[in-house]
Amino acid sequence: MAVVSPLAKYKLVFLGDQSVGKTSIITRFMYDKFDATYQATIGIDFLSKTMYLEDRTIRLQLWDTAGQERFRSLIPSYIRDSSVAVIVYDVGNRQSFLNTSKWIEEVRTERGTDVIIVLVGNKTDLVDKRQVSIEEGDTKSRDFGVMFIETSAKAGFNIKPLFRKIASALPGMETLSSTKQEDMVDVNLKPSVNSSQTEQQGGGCAC
Ligand SMILES: Nc1nc2c(ncn2[C@@H]2O[C@H](COP(=O)(O)OP(=O)(O)OP(=O)(O)O)[C@@H](O)[C@H]2O)c(=O)[nH]1
Ligand SMILES: [Mg+2]
């Protein structure tokens, strides 16, 4: 029998310097693929995915921002609209790690404490190029009071755990506070499944 239940939707914004791997993390999560060729994100890309968790089903709306400076002015409105900010750096690029501080501050300025922030150190497969240790990432996350994980989009390391970590930090429907319910409710006509099946759609935003 079909289960009709409200489907909670959450907006996630991906932030961080150019080329740290934001799009690659999303691509690994969505399609389990990796492309070594760099194609800079232009403006903002949007993708969405349904996650079937053990106890509930949620829909994630992923906003993939461009790290290039010229698109910077587009980003604040997406931060303002998101309940999760995923701030990515490249463990082989110290400057990208240092720059995460200003991203965290910007998210706090826009959203206060009403936001989940995850600091992500990507490209752990580049062992010989590492410039930022896991301890430094961990210390910074503690200093700022945010979550932390290291990943490799290339190796597929810790990508699912990253999204599971985010999902487990999201409030359940009963505690949703800041978003109007009529904006959040969708109808799920699928039989309930207890797996990590996914549904996806994507599209560019020529903004
Ligand atoms: N070795 C390695 N390379 C990676 C990894 N993740 C991404 N890359 C490579 O790094 C480059 C940049 O990746 P993107 O995902 O396009 O980076 P981005 O942060 O989306 O860049 P912008 O869209 O310009 O902000 C590409 O050549 C990727 O193949 C990783 O985990 N390991
Ligand atoms: Mg990108």
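Start with the largest pocket, which holds about 700 Å³ of space. A pocket, on a 1 Å grid over the protein atoms alone, is an open set of points where a 1.4 Å probe fits, with protein on both sides within 12 Å along at least five of seven lines. Its volume is the space filled by probe spheres set on the points, which are joined across faces, edges and corners.

This is a predicted model: local features need pLDDT of at least 70, side-chain atom pairs count only at pLDDT 80 or more, and totals for chains, interfaces and linings use all residues. Residues are numbered from 1 along each chain as its sequence is written, chains are lettered from A and ligands numbered from 1 in the order in which they are written, and side-chain values use heavy atoms, without hydrogens and water.

Now select T23, S24, D35, T37 and Y38. Among the 31 lining residues, these lie nearest the centre of the largest pocket. Lining residues have an atom within 4 Å of a point.

Next, show α1 (22–31), β3 (44–52) and β4 (57–65); each gives two or more residues to that lining. Helices (H or I, at least four residues) and strands (E, at least two) are DSSP runs, numbered from the N terminus. α1 gives the most, with 6 residues.

What sits in the largest pocket? Select ligand 1: it sits there, with more than half of its atoms within 2 Å of the grid points.

Show the 24 residues around ligand 1; K22, S24, Y38, G67 and D125 come nearest. Each has a heavy atom within 4 Å of the ligand.

Finally, zoom in on G67. One of its backbone N or O atoms lies 2.7 Å from an oxygen atom of ligand 1. For A153, the corresponding distance is 2.9 Å.

Methods. A polar contact is a pair of N or O atoms within 3.5 Å; within protein, one must be able to donate a hydrogen and the other to accept it, and residues adjacent in sequence count only if both atoms are side-chain atoms.
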